Amino acid sequence: MMETERLFLRRWEESDAEELYQYAKDPEVGYPAGWSAHKDVRESEWIIRNVLNGPECYAVCLKETGLPIGSIELKLKGKTDMTDRDDECELGYWLGKPYWGQGIMPEAVREILRHGFEDLGMRKIWAGYYDGNLKSKRVQEKCGFRYQWTTEGLELKQLGEIRTGHVNCLKREEWEAQQ
């Protein structure tokens, strides 16, 4: 478990399914990130077991309640198409809509970046966002990521859509200079 001023980052548990569903059922949460709104609590349970189960995937929890309000993950080799190196990974995250605009996700990202660079020994951490997802773009900018490239024609099979994606990167030495 990791801790910040306002947050705990801890492993997802199946008992979190109801809380996950409360936020993931909102299409404004998942759609910009490329996934469909959850249909029911059973789907959220399945997602916890089969998607939010990576070795570096964490529930973003408010200290005051202990309940999850979002998710954050460092996708290691084999779970990302951004790199095939062991010392690089991809950052992914989402946050429940009631908590947007409060600086919560940049706070969580800064802690997981610290974990990635200091504890896991990463040399680069990649992050992406789809056209129009300005909230995700802004989080990455606030946390020091630098633009790398844009790819058009990305197929999102789950949504049956084609989108444009943007990729950013943060190198260990850039992160260290910010500390």
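The accessible surface of the protein comes to about 9,400 Å², with 46% of that area belonging to carbon and sulfur atoms (Shrake-Rupley method, 1.4 Å probe). This is a predicted model, in which local features need pLDDT of at least 70 and side-chain atom pairs count only at pLDDT 80 or more, while totals for chains, interfaces and linings use all residues. Residues are numbered from 1 along each chain as its sequence is written, and side-chain values use heavy atoms, with hydrogens and water left out.

Colour the cartoon by secondary structure next: there are six helices and eight strands, taken as DSSP runs numbered from the N terminus (helices H or I, at least four residues; strands E, at least two). From the N terminus on, they run β-β-α-α-α-β-β-β-α-β-α-β-β-α.

Now colour by burial, where buried means under 20% relative accessible area, exposed over 50% and partly exposed in between (1.4 Å probe, protein chains only); of the 179 residues, 49% count as buried.

Select V60, I72, L91, M105, V109, L113 and I125, which touch the most other members of the largest nonpolar core, a set of 43 residues (buried Ala, Val, Leu, Ile, Met, Phe, Trp, Tyr and Cys joined through side-chain atoms within 4.5 Å). Helix α4 gives the most to this core, with seven residues. Centre on I125 and, leaving aside residues up to four places away in sequence, its contacts include L74, C89, L113, F117, F145 and L170 (contact means heavy atoms within 4.5 Å).

Select Y23 and Y99, whose ring centres are 5.9 Å apart with planes at 70 degrees, so the pair is edge-to-face. Y23 lies in helix α1 (residues 17-24) and Y99 in the loop between β5 (88-95) and α4 (104-119), so the pair ties together parts 76 residues apart in sequence. Both Y23 and Y99 are buried.

Move on to W126 and W149, a tilted pair with 5.4 Å centre to centre and 45 degrees between the planes. W126, in strand β6, and W149, in strand β7, are 23 residues apart; W126 is buried at 8% relative accessible area, whereas W149 is partly exposed at 35%.

Finish with R163, whose charged end sits over the ring of Y31, 4.4 Å from its centre, and K63, over the face of F8 at 5.7 Å from the ring centre (NZ of Lys or CZ of Arg within 6 Å of the ring centre and within 35 degrees of the ring normal).

Note on methods: Phe/Tyr/Trp six-rings, centres within 6.5 Å; stacked < 30°, edge-to-face > 60°.
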